[in-house]
Amino acid sequence: MRSVRSLSFRRLLFAIFVDWKAWKLRAMADDGSKLAALLLGFAVAASSLVVQSKGQNASAAANGLRVNFYGTSCPKAETVVQGVVQRFFNDDPNVPAALLRLFFHDCFVRGCDASVMISSTMTSRAEKDAAPNLTLRGFDLINSAKTALENACPGIVSCADIIALATRDAVLLASGPRWDVLTGRQDGRVSLQAEAQNLPDPSDTAQQGIAAFAAKGLSELDFVTLLGAHTLGVTHCRFFSNRLFNFAGTGKADPSMNPNLVTSLKQICPDPSRATGFSNPTVSLDQGTPFLFDTSYYKQLTAGFGVLRIDQEISVDSSTSALVNAYAGATNESSLIFAKNFVTSMINLGNVEVKIGTQGEIRKRCSAVNS
């Protein structure tokens with residue numbers, strides 16, 4: 001009887017998850033539909049429960065990853081990584097944003113295999129030198145953690161797992177959620193500059209972003225939720241200056257951008273058509289609380305304060321706007337739903353095209369494949 005009840009409850013939750021897009025569209029059609037918004041919030045929470053209780057365990061079993069993979073072979077592995085992250089964070093509060101971006105860029109090219117860490121050679125240009133990766137940071141932190149682990153447990157802990165663990169620890173330091181990281185990844189042996197040229201672009205539309213995530217087995221929910229990482233860190237002016245000065249060739253600012261934000265950012269970012277020399281300042285992606293993991297990012301989007309086009313797009317696209325509004329809610333439940341879904345989506349991201357067994361290796365140095 002207990003198992004039947006459990007199955008029925010899971011089916012109920014799954015049915016709610018399947019129907020959440022329909023509720024979402026009804027909420028958009030009815031401007032005053034507080035009930036629809038409430039149902040959407042419940043649906044999102046339910047979807048998170050379904051994925052966490054079923055999908056994550058199934059994925060972990062399928063790809064060979066598990067929690068505490070190094071429990072016997074290198075018992076202090078996670079403690080060592082945590083210590084290195086803390087040390088770097090003490091000197092730089094942007095470490096969480098840097099590692100989130102590093103993790104994402106790694107997983108989206110050849111899967112989560114630390115191929116982004118490999119340096120170019122005389123005969124091969126690596127991912128690290130691709131245009132989208134030129135502003136990546138965090139390599140020194142991962143290399144420091146690897147050195148410490150090689151001293152403690154030579155040849156045991158992969159660079160891919162170090163990135164995953166360090167990202168989790170950094171999010172926690174920014175007042176974000178903590179989760180159990182599935183480990184056991186192998187490091188990749190290939191890193192090609194050309195393969196990193198087509199990472200999702202900051203100027204993509206929401207539909208282009210959804211398609212890019214779907215190609216990696218990630219859902220619309222993952223897409224909107226993982227963009228929430230933009231609640232931390234900065235971006236360079238060159239990634240959005242067209243929105244300020246010449247959107248879509250109009251010679252004007254993007255009409256979806258709040259005029260106050262346009263005025264503020266124009267004081268920081270030069271007009272590319274008039275600039276002399278090279279100037280590429282940075283601005284906070286979250287104009288509210290850029291060093292705190294929270295839902296301020298989504299609240300900013302609903303007011304037209306999205307800095308990147310892809311950010312603002314998810315607040316107006318019919319496929320994603322209701323979820324943005326749910327996360328931007330004023331209640332504590334909205335924050336809890338986002339945090340729970342973020343954990344789920346980070347685990348989903350960490351499962352993308354992982355390598356195990358003979359598919360990879362444990363690099364001695366993260367910057368080079370073993371000879």
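Reader: Which residues line the largest cavity?
Author: Phe103, Ala164, Thr167, Trp179, Asp180, Val181, Leu182, Arg185, Met346, Ile347, Gly350 and Asn351 line it. A cavity is a set of points on a 1 Å grid over the protein atoms alone where a 1.4 Å probe fits but cannot get out, and lining residues have an atom within 4 Å of a point. This is a predicted model, where local features need pLDDT of at least 70, side-chain atom pairs count only at pLDDT 80 or more, and totals for chains, interfaces and linings use all residues. Residues are numbered from 1 along each chain as its sequence is written, and side-chain values use heavy atoms, with hydrogens and water left out.

Reader: What volume does that cavity have?
Author: About 90 Å³. A volume here is the space filled by probe spheres set on the grid points, which are joined across faces, edges and corners.

Reader: Which helix gives the most to its lining?
Author: H15, with 3 residues. H7 and H15 each supply at least two. Helices are DSSP runs (H or I, at least four residues), numbered from the N terminus, and strands are E runs of at least two.

Reader: Is H7 mostly buried or exposed, and why?
Author: Buried: 13 of its 15 residues are, so H7 is largely enclosed by the rest of the structure. Buried means under 20% relative accessible area, exposed over 50%, partly exposed in between (1.4 Å probe, protein chains only).

Reader: What is just after H7?
Author: Ser175, which takes a positive phi of about 70°.

Reader: Switching to the largest pocket. What is its volume, and which residues lie nearest its centre?
Author: The volume is about 930 Å³. Of the 38 lining residues, Arg101, His105, His230, Leu285 and Leu308 lie nearest the centre. A pocket is an open set of grid points with protein on both sides within 12 Å along at least five of seven lines.

Reader: Which helix gives the most to the pocket lining?
Author: H5, with 7 residues.

Reader: Where is Leu136?
Author: Leu136 is in the loop between H5 and helix H6 (139–152). At 7% relative accessibility, Leu136 counts as buried.

Reader: What does Leu136 touch?
Author: Arg101, Leu102, His105 and Val116, not counting residues up to four places away in sequence. Contact means heavy atoms within 4.5 Å. The C-alpha atoms of Leu136 and Leu102 are separated by 6.3 Å, and the two residues are 34 residues apart along the chain.
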